[in-house]
Protein chains: 2
Amino acid sequence: MDRGLTPKIDAIGNQFGVATLAPASADVVLVGSHLDSQPTGGRYDGVYGVLAGLLAVEAVKARCLDKPAAARRNLAVVNWTNEEGARFQPSLTGSSVFTGALSLEDAYACADGEGTTLGEALSAIGYLGTTPLDKNPVRYVELHVEQADSLEKSSTDIAAVFHSWTTRKISVIFEGDYSHTGSTPMALRRDALRAAGRAIEALYQEVANENAGAHAAAARISVYPNSPNVVAGRVRVWFEIRHEDEAVISAISDRFLRRIERESADIKVAVSIAVDERRLGTALDPDGVALILSAAADLGFKAMTLKTSIGHDALAIQKCVPSSLIFVPSQGGLSHNPREFTAPEALDKGYAVLTEVLWNMVTAKE
Amino acid sequence: MDRGLTPKIDAIGNQFGVATLAPASADVVLVGSHLDSQPTGGRYDGVYGVLAGLLAVEAVKARCLDKPAAARRNLAVVNWTNEEGARFQPSLTGSSVFTGALSLEDAYACADGEGTTLGEALSAIGYLGTTPLDKNPVRYVELHVEQADSLEKSSTDIAAVFHSWTTRKISVIFEGDYSHTGSTPMALRRDALRAAGRAIEALYQEVANENAGAHAAAARISVYPNSPNVVAGRVRVWFEIRHEDEAVISAISDRFLRRIERESADIKVAVSIAVDERRLGTALDPDGVALILSAAADLGFKAMTLKTSIGHDALAIQKCVPSSLIFVPSQGGLSHNPREFTAPEALDKGYAVLTEVLWNMVTAKE
């Protein structure tokens, strides 16, 4: 980097650019997000937080030149590895390894649909880093587009996220048997793809039956052998159920799992659970929320607090470092879509709040 | 080949081994099947017909040494390219190009799931042949395992196939829109995978409603972007419906297509048909059927005639050359499965019938 930041890359490929603002201090405030995307991702999700973070680090650094004694701790921009989990599951990989919630070995072992592991993929692109962040992280701040429409609907500029929903991610394997599609009588088929199709519909119906505003999805499927003339013998589907209240998730998922077991058994397909992961709703640092609201008010922007239904690196980092998450509006709430859009003026407001929050965190006495 | 056969490979990769039994004749009797398989295929489907065909050619050739003047035409074993259509659709590629029903250009352009074309794949393995069969094919005979259980159930050794079912293959594209699975309210989703799941179940139900013994399947699916956090915006499913009576197929498929259009529209997913192919039921050469039954009777084997629900190269070749199809039993009717099995004695009976049929065809006056 020729921007005067010290580059660091850790063993899971997280990238840091460190601005040494307080040479006597071992502490560092982190700001950033992720540069990875989805196959159908837009231009803002993640990228906005890294680029705005980089510019904010430079702005804070420039302010320190005017007030050399003001900085009490250092500042670094970060790009976390594999936030999206598009190719390797679970998502939030880099930030989870950073906190120790996910072991490096388990992260390396994650395999994509072709069997390539994350460790192999990082090695292939030269990102098995050997220069971990050698400072003590004391705060993390992430600026992101909302990817929902609460801000837009209420004509609000800034959200200070104070909590996240709980998410249950259940990866289910449907096991039938292979046979010829042309000759096998319908009653003898053990069609794992049919069982998966029923389960996808069942998930939607159980969410509707609960009528509590939960979000749920089945967006990834793996079918074997996936050949037009072979009844599918083995299918895996990645399901997820999200709500702010864990009891709602349990109610939906318990009914859902009982139902797909029954509906699959009716067609002689066995159901087993490969992965069952609960990401509990997380409270973000209340001091950070107050700082964001205060900075927005000082700048004359309309702000609100918000719960997010979506996973973010800030929620993973909060496990060991007080973390903050700032949202700006997303047009129509649309994300993971090439039409994702946030107006430049709205992006500028987020950047302005971020810079003030970081300045405060770097210079604050406590 | 060191078996005294002249090797030929044509432009679509069909492989021939020609035994010149009647040098003065331009005519050749073909015998064979296919060596390609399914990802979950067994040891008999196709391979049996090529190997038994090769041995039968050698047996006929040996008999000609004893009776030099007996052969009135030549004999060749053949391995047709891509019968299964596991990687490249449509199936029956090599035999369809051989008859001219499929143009070489269209065959070369078939792409697999990764976008590699059949032309590229054949080139990569050196099988864009330049030595087409330079003789006039007058008959084709294929020996195959039944892949259904009619022979086993009736304790019959040999079937002379006289006709095939009609098959309608419909490849449907479901088009919704990409959005974030975490934040998009359920009512706003346009989930193409949900629409596909409903359609798979609908196919089974419409077949059951018709209650006419049709076979139908949805065994291949392609989902984009197939990432756990992106509502699937585009899904393609390969459907097929088979029955001996085309009116039954029309009744089922008309109801099925109307239903999936309605059920998809309910969730704001559009339906379009990418491929709609009808493979009409084909009558095989009646003289061949008589020859098979006669040969089986001479050998003391129990034989029957049969309609097949499955596509075979013989059905494609019948378009321009009188063709015959001989079945031996399949244990439990199971095929496209590693547990596919036919007892050695049953295989031997098929080989014995094949040899007599070929001897007759090579030596017959007409």
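Author: Start with a term: two strands pair if DSSP finds at least two bridges between them. Also keep in mind that this is a predicted model.

Reader: Which order do the strands of the open sheet in chain B have?
Author: The order is β8-β9-β7-β10, four strands with antiparallel pairing.

Reader: And what stands at the edges?
Author: β8 (215–224) and β10 (270–279) of chain B stand there. Each has a single partner strand, so one side of each has no neighbour in the sheet.

Reader: By how much are neighbouring strands of this sheet turned against each other?
Author: By 15° on average, ignoring direction.

Reader: How many bridges are there between β8(B) and β9 of chain B?
Author: Nine, in the antiparallel sense, with β9 covering residues 234–243. To pick out one pair, B:I221 has B:V237 in β9(B) as its bridge partner.

Reader: Ok, helices. What does α6 of chain B lie across?
Author: Helix α6 (residues 192–210) lies across β7 (166–175), β8 and β9 of chain B. The helix runs at about 10° to β9(B).

Reader: Now the two chains. How many residues of chain B are in contact with chain A?
Author: 53 residues of chain B, and they are in contact with 53 residues of chain A. On the chain B side, α6, β8 and β9 each supply at least two residues. The largest share, eight residues, comes from α6(B).

Reader: What kinds of residues are they on that side of chain B?
Author: They divide into 22 nonpolar, 23 polar and eight charged.

Reader: Switching to domains: how is chain A divided?
Author: Into domain 1 (6–164 + 281–363) and domain 2 (166–279). Taken over C-alpha atoms, the centres of these two domains of chain A are separated by 34 Å.

Reader: How many residues are in contact between domain 1 and domain 2 of chain A?
Author: Six residues of domain 1 are in contact with eight residues of domain 2 in chain A. The domain 1 side of that contact divides into one nonpolar, four polar and one charged residue.

Notes. Residues numbered from 1 in each chain as written. Chains lettered and ligands numbered in written order. Predicted model: local features only at pLDDT ≥ 70, side-chain atom pairs only at ≥ 80, totals over all residues. Axes fitted to C-alpha atoms, helices over the stretch in contact; angles between N-to-C directions. Contact = placed C-beta atoms within 7 Å. Nonpolar A, V, L, I, M, F, W, Y, C, P; charged D, E, K, R; others polar. Domains from an automatic or database assignment.
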